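Biologist: Could you take me closely through how the helices pack and where the pockets lie? I would like the terms spelled out as you go.

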Amino acid sequence: MLCLLGVLLIIAAVTDLRSRIISNRLNLAVAALAPIWWVASGMPLWPDIAGQLLIAAIVFGIFAGLFSLGWMGGGDVKLLAALALWFPWQVVMSLIVLMAVLGGVVTIVTVVHHRMTRRLGQPEIPYGVAISLSALWLIWPTIF
């Protein structure tokens, strides 16, 4: 299951880098696979699965607020919420911190590239790259 999640994260990063879009279908696939992961992991409905749903709702609410401010894209918000279904809250916090650090690097690289190529307008930051790399970093030790 984690290998499949890894493949979906790579697809998310590549598509976001190329088109600045993370498809709803991909986000739905990440979210829909989480319940299979719960069952495979032997998670009890209460409190573990209920907790996962609460964590995902909180993450979605916070980052939807950032979306409403124009600070994040909708696909990024949905990907984060879908990933929050997979991890306990401590790992979700690590994901967010790592995502912020990598997001800063992605932002700097994007802005420098935007200026070097003398493009007009504001650069669009492919934040899905930072989200995907952060999640891959966290699942990597479990896969191998």
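**Helix packing and pockets**

Modeller: In this predicted model, helix 2 (residues 24–41) and helix 4 (residues 74–84) pack at an angle of about 10°, their axes lying 8 Å apart; helices here are DSSP runs of H or I with at least four residues, and axes are lines fitted to C-alpha atoms over the stretch in contact, with angles from 0 to 180 degrees between N-to-C directions. The two helices, helix 2 and helix 4, are therefore roughly parallel to each other, a label used for angles under 35 degrees. On the side of helix 2, Asn24, Asn27, Val30 and Ala31 make the contact (heavy atoms within 4.5 Å), and they meet Gly75, Lys78, Leu79, Ala82 and Leu83 of helix 4. By class, this contact of helix 2 with helix 4 holds 5 nonpolar, 3 polar and 1 charged residues, where Ala, Val, Leu, Ile, Met, Phe, Trp, Tyr, Cys and Pro count as nonpolar, Asp, Glu, Lys and Arg as charged, and the others, Gly among them, as polar.

Residues are numbered from 1 along each chain as its sequence is written. Local features need pLDDT of at least 70 and side-chain atom pairs pLDDT 80 or more, while totals for chains, interfaces and linings use all residues, and side-chain values rest on heavy atoms, without hydrogens or water.

Helix 4 also takes part in the largest pocket, giving the largest share of its lining with 3 residues. A pocket is an open set of points on a 1 Å grid where a 1.4 Å probe fits, with protein on both sides within 12 Å along at least five of seven lines, and lining residues have an atom within 4 Å of a point. The space in the largest pocket is about 270 Å³, and among its 14 lining residues Met72, Gly73, Asp76, Glu124 and Ile125 are the closest to its centre. That lining divides into 6 nonpolar, 4 polar and 4 charged residues.

Key. Parallel < 35°, antiparallel > 145°, perpendicular 65-115°, else oblique. Points joined across faces, edges and corners; volume = space filled by probe spheres on them.
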